[in-house]
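The sequence and structure come first.

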Amino acid sequence: MILGLINPLTGTDDIWIVGDPWYRLIIFCLLAALLCTVVLGAIHMAGNQATRLLVMGCAFAAGLFYVLEFFIPPDAKSQEVSLWGVNLTQMSGIIGNANQVVAGFTFLLGVYNLVHIHGNNIRRLRKGWGYSLSFFIAFLAMTVSAFARDWQSFFDPKYDELKNTAGYQLWMPSWVNDVDPTHALMPHDIFSVLFEGFYRNMDATMFSILAFYIVSAAYRAFRIRSKEAAVLMITAVIMMMGQVPLGQAITAAIPKDGFWHGLRIEEISQFVLNTINGPVQRAIGFGLGLGALGMALRIWLSLERGTYFEETS
Amino acid sequence: MQPLPTRNWEDILGKIDRRLVYIGLFLFTLAPLVGRWALPLNTTEPTKMLKKAFDGLPQDKVVLIASDWDAGTQAESRPQLTAVVRYLLRKKLKFILFSVTTPTSPQLGQTVVERAIEAEGMKDTWQYGTHWANMGYRIANAPWLRNFARSIQDAMKNDWKGVPLAKLDVTRGVDKFGPEGQVSMLVDVTGSSSIDNWYAYLSPSKVTIGLACTGVMAPEQYPFLDSGQLSGLLTGMKGAAEFEQLTEQKGFALAAMAGQSFAHLYIFIMLVLGNLSVILGTMKKRARG
């Protein structure tokens with residue numbers, strides 16, 4: 001029943017009364033909006049103590065669902081977990097997909113945030129407002145060109161099949177939506193120019209600047225002033241040179257299969273990675289895992305101090 | 001007029017202007033690329049393991065490629081994805097692309113696959129929807145990942161253009177991971193820590209997991225190679241180059257390794273110069289008593 005209620009497109013008629021799935025969806029959305037308004041209104045109007053209890057209750061219930069779904073032994077045949085007639089395994093799928101929707105709103109929040117900040121910069125002509133203007137130009141150019149290119153495919157189900165056939169009417173000119181098969185690898189439309197020509201190269205450039213800073217920082221800061229620094233330096237050089245052909249050429253004279261093969265720089269580098277680095281990473285992993293478990297328990301049981309859990313003045 | 005201060009070797013070596021350092025790196029990286037210098041490369045065990053994992057895959061199942069990189073790490077991730085896809089094409093293994101970390105990844109992955117198909121001369125025989133598909137971007141939060149590990153069809157209902165999975169030959173019926181399911185292997189080509197998701201959620205299904213990550217991430221993955229949770233590993237551009245060499249591809253990574261080699265050499269030279277200034281300074285202090 002619960003599955004049918006929260007899944008309006010596939011839910012059974014006896015719950016939904018209305019047979020048409022699209023009407024069900026509309027009713028579902030309206031009911032969900034109403035419920036959200038009531039809950040948010042209640043949170044807003046309630047006192048600090050009640051709000052805290054509500055948040056703690058929601059956090060505990062959300063965590064409890066996954067605890068039950070994980071620990072209750074599944075049905076031997078279907079491998080699905082049920083509790084009092086409710087199929088928790090199927091429900092976890094719906095919750096997983098619902099989470100995608102909720103997480104999708106964070107993108108909207110991100111866009112709103114950017115628009116708000118850069119809009120204020122332009123409105124008040126703050127220092128560097130030109131950069132804010134370039135944000136709006138870039139944002140609109142990418143959004144409009146991407147939607148314009150794919151617009152026809154959203155509404156015409158036969159678009160992909162027919163787009164290259166003679167007589168098929170394309171809604172957009174070729175500079176907006178280039179379907180020429182000879183341009184398949186680099187369409188001559190504005191979105192491809194913006195994405196492949198601008199975005200991809202600019203993002204790569206931003207990241208590659210890091211290499212210059214790393215060299216400069218290594219040169220300035222990596223000075224052997226203690227035994228520990230010396231060990232670190234030797235290891236770094238072995239790792240750095242052991243990873244590239246030029247470094248490997250230093251010990252290329254040592255036979256690959258002979259007794260001394262372990263002295264080849266790439267072998268030493270692999271030894272450091274496997275035998276020294278491996279256990280250290282494992283130890284860090286265990287520590288992180290235990291820390292994450294502790295943190296998860298603290299959040300689930302509302303023992304964590306911070307937002308929503310502190311006394312507010 | 002005051003005389004100009006005399007600079008000794010200690011200062012000259014220890015305080016090289018950063019702009020000169022930058023220009024040096026630029027030239028050291030550029031020269032081998034322009035000169036097309038080729039250098040021999042040794043193949044490491046993790047790369048061989050990945051190839052072996054691919055070689056053991058059954059033809060009737062599909063490979064899932066988590067293309068989790070954006071343009072920032074394309075110098076490493078793009079050649080890795082290209083090398084992996086080209087090898088899958090040669091093995092005639094069907095594959096499905098998707099992404100869980102960066103929204104721009106599906107577009108970048110799509111271009112890589114289209115070019116790989118072109119490079120392998122399979123444009124007319126390897127069709128979208130029949131032999132491969134792009135599922136686009138999904139937000140990887142824990143509830144969705146649990147659902148994805150349980151049922152692919154439930155978690156991904158359509159491809160990146162909104163076409164239902166049931167309408168694509170390659171995705172129809174693809175629902176479970178591992179020996180009992182329809183997905184034989186998951187390869188994560190990533191510039192982030194997305195592989196942790198697959199260890200946590202897919203390891204119980206016994207699906208083969210491969211990884212192609214950036215160079216800085218690789219050391220963290222060795223415990224998983226040891227434990228067998230990871231079936232193979234490509235480390236940065238070097239991993240891509242090794243894989244190209246191992247599978248006899250003529251790709252970008254092998255050509256670019258000379259540039260990376262000389263960049264590493266340059267860093268080494270700069271470290272020596274910096275430390276030489278420290279040694280000279282120490283010697284001078286000792287001489288003064």
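Is Asp11(B) buried, partly exposed or exposed? Asp11(B) is partly exposed, with a relative accessible area of 24%; buried means under 20% relative accessible area, exposed over 50%, and partly exposed in between (1.4 Å probe, protein chains only).

## Basis of the values

This is a predicted model, in which local features need pLDDT of at least 70 and side-chain atom pairs count only at pLDDT 80 or more, while totals for chains, interfaces and linings use all residues. Residues are numbered from 1 along each chain as its sequence is written, chains are lettered from A and ligands numbered from 1 in the order in which they are written, and side-chain values use heavy atoms, with hydrogens and water left out.

## Interface of chains A and B

In chain B, 66 residues are in contact with 61 residues of chain A, contact being heavy atoms within 4.5 Å. The area buried between the two chains is about 5,500 Å², and carbon and sulfur atoms give 60% of that area. Buried area here is the accessible area (1.4 Å probe) that two parts lose on being put together, summed over both.

Three salt bridges are found across the interface of chain B and chain A. The criterion is a side-chain nitrogen of Lys or Arg within 4 Å of a carboxyl oxygen of Asp or Glu. Arg146(B) forms a salt bridge with Glu69(A), with the closest N and O atoms 2.1 Å apart. On the side of chain B that touches chain A, the elements giving two or more residues include α2 (18-35), α4 (74-90) and α6 (142-150) of chain B. Helices (H or I, at least four residues) and strands (E, at least two) are DSSP runs, numbered from the N terminus. The largest share of that side, 15 residues, comes from α11(B).

Chain B is divided into domain 1 (9-36 + 256-288) and domain 2 (45-250), with bounds from an automatic or database domain assignment. The centres of domain 1 and domain 2 of chain B, taken over C-alpha atoms, are separated by 39 Å.

Nine of the eleven residues of helix α10 (residues 236-246) of chain B are buried, so this helix is largely enclosed by the rest of the structure. Among the buried residues of α10(B) are Met237(B), Lys238(B), Glu242(B) and Phe243(B). The buried residues of α10(B) pack against α3 (45-55), α4, β5 (208-213), β6 (232-235) and α11 of chain B. Just after α10(B), Glu248(B) has a positive phi of about 55 degrees.

## Salt bridges

Over all chains, 18 salt bridges are found in the whole structure. In chain A, the side chains of Arg264(A) and Glu266(A) meet in a salt bridge (2.7 Å, N to O). Arg264(A) is buried, with a relative accessible area of 5%, and Glu266(A) is buried at 7%.

Asp11(B) is bridged to Lys15(B) (3.9 Å, N to O), and Lys15(B) is exposed, with a relative accessible area of 57%. Another salt bridge joins the side chains of Arg86(B) and Glu120(B) (2.6 Å, N to O). This pair links distant parts of the chain, 34 residues apart: Arg86(B) is in helix α4 of chain B, and Glu120(B) is in the loop between α5 and β3 (132-137) of chain B. Both Arg86(B) and Glu120(B) are buried. Salt bridges also link Arg149(A), Asp150(A) and Lys161(B) in a network.
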